[in-house]
Amino acid sequence: MKKKQKNILPRKSNTLKLSFDTSWTYAPAPESRTSATIQPRYDLFINGKWTKPESGKYFETINPANEETLSEIAEANAADVNKAVAAARNAYEKYWKKLPAKERGKYIFRIARMMQEKSRELAIIESLDGGKPIRESRDFDIPEAANHFFYYAGWADKLDYAFPGKKTASLGVAGQIIPWNFPLLMAAWKIAPALATGNTVVLKPAETTPLTALKLAELIQEADLPPGVVNIITGAGETGAALVQHPDINKIAFTGSTEVGKMILRAVAGTNKKLTLELGGKAANIIFEDAPLDQAVEGIINGIFFNQGHVCCAGSRLYIQESVANTVIRKLKDRIETLIVGDPLDKNTDIGAINSKKQLETIHYYIKTGIQEGAEIYESSCRLPSKGFWCKPTLFLNVAQSSRIAQEEIFGPVLAILTFRTDDEVIEKANNTPYGLSAGVWTDKGSRIFNMTRKMRAGVVWANTYNKFDPTSPFGGYKESGFGREGGLHGLMPYLHLSNLIPNSTRK
Ligand code: NAI
Ligand code: MG
């Protein structure tokens, strides 16, 4: 029997007086690190070849769970961005644009199938590079990424039927910049619809999590995609900015912070570049007194602690109807005690490592702010590993609507809890943030769900569930959460010119 894991013991619970201390625990179940091949150094993937950076510079990507270096990654400068954009332009004009749509679809299907074949290795690398639990990368990130390629492969030769009465045309070269919270999935969200609509791509992954995008480049090479159709360049903010500013880009797709999103909006203003932005969020998860409470508590836990709260649509504000507030809070406190925080490669782990030192500092800053603002903090009593970047699952009680932890994005495993009495009150409170990406409603009443979903300014509203995704369903926000939609039929539009099939003048 393994040594007892302290962090699974319930604390301060009236209901759980069972003798957990002597009974059960989970034995470690680590996924094998040896099933993944990571090269000691990665160059840039330009025009179908691995290309040394003009900058001559490399930076390290680490495993945030133990701070060990995983690989050295090329840092692309403006000259490298030029090369990548030129390769994408050439591939677009000479080949991709002219290829019959059915053939494009075949390439995308091939990538999807190869991703499935390599899913185990991709999941391990995703967890090593970003810190997320293997259970999530294995069961969510990688299968969802492959699903996006499958879904958009199907659209490639059906674009004429997607928008009745409209003629579709590709845009050209798409510059795509993605964050570190769902590295491969975000790459799939960006690349699959761009290819299906006949565009070519230059993609830049985030500097802390470049590895699965580079593995995808290997796979794209193996799939024999024509050189230059997909180029993957690595680097930090400066590389991203050079891509945004490049004059030969037709479309920019960005997912990341609202701050950088605003900078990109300014940089693109006055050009012909199309733009979609998927930015931050501060989602309200709302529990009414008639909700199935145990189910709702699980949904709330999933909503905020899934992927360490590194989720733009995380249910980071919880509104509980006053009559059930004490019960729900007690259940939440009990439940966070049972969450296992630790090795991302262990299949039992619920909460992995925080993605970077910088992100951990941001989270700590907000925890301090919450305390200073007078909210009551409640943390799990789990022990954290001594190396790496970790944060205990944290609840804040008695939070004021105006406080910063109820208004600003924390992007960590920290839940702000507020209460309400009436439907109108909670709608007003839920809508009272600068964001509008997602929300959740827990109630037994169908009419209440429809009333709430109509009145909440959020791109996605989940009812009696949370954080559910599907490639067929569009995703995106209002207000400072950005604009444009990814996923589904809507996700094709930002990569197409649509014109009327029958000119207006000839219409009767
Ligand atoms: P960030 O917005 O700086 O990074 C996202 C991507 O943008 C990365 O690939 C980065 O290299 C690139 N980038 C940075 N500066 C750029 C620039 N000037 N021009 C073009 N590209 C640029 O996000 P960061 O600093 O890593 O995280 C900060 C906060 O952003 C988090 O605490 C969280 O609140 C939010 N965030 C939101 C995400 C979402 O999914 N909406 C994802 C990641 C972060
Ligand atoms: Mg890393």
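Tutor: Begin with a polar contact, a pair of N or O atoms within 3.5 Å. In this predicted model, a backbone N or O atom of Leu-279 is 2.7 Å from a nitrogen atom of ligand 1.

Student: Which side chains place an N or O atom at 2.9 Å or a polar atom at 2.7 Å from an oxygen atom of ligand 1?

Tutor: Lys-204 has a side-chain N or O atom 2.9 Å from a ligand 1 oxygen. For Ser-257, a polar side-chain atom lies 2.7 Å from an oxygen atom of ligand 1.

Student: How much of ligand 1 does the protein bury?

Tutor: Compare the area of the ligand alone with the part that is covered. Ligand 1 taken alone exposes 820 Å², of which the protein buries 88%. Ligand 1 sits in the largest pocket.

Student: Which elements give two or more residues to the shell around ligand 1?

Tutor: They are helix H8 (237–245), strand S10 (251–255), helix H9 (258–268) and helix H12 (357–372). H8 contributes the most, three residues.

Student: How do the residues of that shell divide into nonpolar, polar and charged?

Tutor: There are 14 nonpolar, eight polar and five charged residues. Domain 1 (33–277 + 484–498) and domain 2 (284–476) each supply at least three residues to the shell.

Key:
Residues are numbered from 1 along each chain as its sequence is written. Chains are lettered from A and ligands numbered from 1 in the order in which they are written. This is a predicted model: local features need pLDDT of at least 70, side-chain atom pairs count only at pLDDT 80 or more; totals for chains, interfaces and linings use all residues. Side-chain values use heavy atoms; hydrogens and water are left out. A polar contact is a pair of N or O atoms within 3.5 Å; within protein, one must be able to donate a hydrogen and the other to accept it, and residues adjacent in sequence count only if both atoms are side-chain atoms. Accessible areas come from the Shrake-Rupley method with a 1.4 Å probe; for residues, only the protein chains shown count as cover. On a 1 Å grid over the protein atoms alone, a cavity is a set of points where a 1.4 Å probe fits but cannot get out, and a pocket is an open set with protein on both sides within 12 Å along at least five of seven lines; lining residues have an atom within 4 Å of a point. A molecule sits in a cavity or pocket if more than half of its atoms lie within 2 Å of its grid points. Helices (H or I, at least four residues) and strands (E, at least two) are DSSP runs, numbered from the N terminus. Ala, Val, Leu, Ile, Met, Phe, Trp, Tyr, Cys and Pro count as nonpolar, Asp, Glu, Lys and Arg as charged, and the others, Gly among them, as polar. Domain bounds come from an automatic or database domain assignment.
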